[in-house]
Amino acid sequence: STYEEKAIKSAYDKIKGSAVNPVLREGNSDRRAPLSVKNYAKKNPHSMGAWSSDSKSHVSSMAGDDFFGSEKSTTISGATEVKIEFVGEDGSVKELKSAFPLLDKEVIDSSVLKKKALVEFFEKEIADAKEQDVLLSLHMKATMMKVSDPVIFGHAVKVYYKDVFAKYGKLFEELGVDVNNGLGDVYSKIESLPAARKEEIEAAIQAVYQTQPELAMVDSDRGITNLHVPSDIIVDASMPAMLRSSGQMWGPDGKQKDTKAMIPDRCYAGIYQAVIDFCKEHGA
């Protein structure tokens, strides 16, 4: 493909939602499972861990200033054009999206999540996980919510590893570290540094684990944490897996442990807490 075609693809990749071919997906809206699949599932059920009524596992979400709390929707009366602007406290205006058309009776919907409230939420929940002695985990859908969730993930990484970013933040900028790609991007970018400097930063990262709560692991054996790569933890797969494992995730020691599941925005967090409450009372 030509350079121009690659540039076009790159532009669309930044803003598209599902990476699934939408044309193929049109015929895939029927979610009913065929009888053969149902029968197979009955004969080969998922493993289901036993639940304890004193499980400390829980979901933590923001109390306000999230997408759920700020959403506004309106039906347009008469065809028109709209644009999206950011208006600063000093009155300065920055255009985020230039004018685009809306049809008569079309619905436009918007919401915003505030960074300051998000950072405070992460600070509070990290401290709480340490106090309760539970694993800390973050559950997002960065592969689908390509605009918001990688940014939220990046803030979680910066808050948890705040000592490392306070000390090496300027160097990380020079190296082109993209924190929205997780801690894995730090490890990847410091590969280019002299061995002594690289080892110094790796030691600083390890030192964080002495003071912060234990992180849930994607791969305990290889030291891959919940904050390494955004696409490793997809909420609609990671939360059911946690619920089937007695509400626990795997810790750095390779053992299961009660877990705090941070799902910052409240839009789809409540359903998982409801399942936890049910399983603690009735078992799974």
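Guide: A crossing of two helices is left-handed if the near helix is turned anticlockwise from the far one by less than a right angle, and right-handed if clockwise. The model above is predicted: local features need pLDDT of at least 70, side-chain atom pairs count only at pLDDT 80 or more, and totals for chains, interfaces and linings use all residues.

Visitor: How many helices and strands does the protein have?

Guide: Helices (H or I, at least four residues) and strands (E, at least two) are DSSP runs, numbered from the N terminus. The protein has 11 helices and 10 strands. Its C-alpha atoms fill a box of roughly 60 × 60 × 45 Å along the principal axes. Residues count as buried under 20% relative accessible area, exposed over 50%, and partly exposed in between (1.4 Å probe, protein chains only); 33% of the 284 residues are buried. Contact means heavy atoms within 4.5 Å. Of the contacts between residues at least 6 apart in sequence, 72% join residues at least 24 apart.

Visitor: Is the crossing of helix 5 with helix 6 left-handed or right-handed, and at what angle do these helices pack?

Guide: Axes are lines fitted to C-alpha atoms, for helices over the stretch in contact, and angles run from 0 to 180 degrees between N-to-C directions. Helix 5 (residues 115-132) packs against helix 6 (residues 149-160) at about 50°, with the axes 10 Å apart, and the crossing is right-handed. Angles under 35 degrees count as roughly parallel, over 145 as roughly antiparallel, 65 to 115 as roughly perpendicular and the rest as oblique; helix 5 and helix 6 are therefore oblique to each other.

Visitor: Which residues meet where helix 5 and helix 6 are in contact?

Guide: From helix 5 come Lys115, Leu118, Val119, Phe122, Glu123 and Ile126, which meet Ile152, His155, Ala156, Val159 and Tyr160 of helix 6. By class, the residues of this contact are 8 nonpolar, 1 polar and 2 charged. Here Ala, Val, Leu, Ile, Met, Phe, Trp, Tyr, Cys and Pro count as nonpolar, Asp, Glu, Lys and Arg as charged, and the others, Gly among them, as polar.

Visitor: How do helix 10 and helix 11 pack, and at what angle?

Guide: Helix 10 (residues 235-244) and helix 11 (residues 270-282) pack at about 10°, their axes 11 Å apart, and are therefore roughly parallel. Val235, Asp236, Met239, Pro240, Met242 and Leu243 in helix 10 meet Tyr272, Val275 and Ile276 in helix 11. This contact is made by 8 nonpolar residues, no polar ones and 1 charged.

Visitor: Which residues have the most contacts inside the largest nonpolar core?

Guide: In soluble globular proteins, nonpolar side chains tend to be buried together. A nonpolar core is a set of buried Ala, Val, Leu, Ile, Met, Phe, Trp, Tyr and Cys residues joined through side-chain atoms within 4.5 Å. The largest such core has 37 residues, and Phe122, Tyr161, Phe172 and Leu227 have the most contacts inside it. Helix 5, strand 6 (135-138), helix 6, helix 7 (162-175), helix 8 (183-189) and helix 9 (195-211) each give two or more residues to this core; the largest share, 7 residues, comes from helix 5. Apart from neighbours within four places in sequence, Tyr161 is in contact with Leu183, Ile205, Val208, Tyr209, Leu215, Thr225 and Leu227. A second, separate core of 16 residues includes Val235, Met242, Met249 and Ile276.

Visitor: Where is glycine 182 placed, and is this residue buried or exposed?

Guide: Glycine 182 sits in the loop between helix 7 and helix 8 and, at 0% relative accessibility, counts as buried. Leaving aside neighbours within four places in sequence, glycine 182 is in contact with Phe153, Val157, Leu227, His228 and Pro230. By contrast, histidine 46, in the loop between helix 3 (35-43) and strand 1 (58-60), counts as exposed at 61%. Histidine 46 and arginine 244 are 198 residues apart in sequence, yet 8.0 Å apart in space, C-alpha to C-alpha.

Visitor: What is the phi of aspartate 65, and what is that of aspartate 133?

Guide: Most residues other than glycine have a negative phi. Aspartate 65 has a positive phi of about 60°, and that of aspartate 133 is positive too, near 55°. Aspartate 65 lies in the loop between strand 1 and helix 4 (67-70), and aspartate 133 in the loop between helix 5 and strand 6. Aspartate 65 is partly exposed at 40%, as is aspartate 133 at 46%.

Conventions. Residues numbered from 1 in each chain as written. Heavy atoms only, no water.
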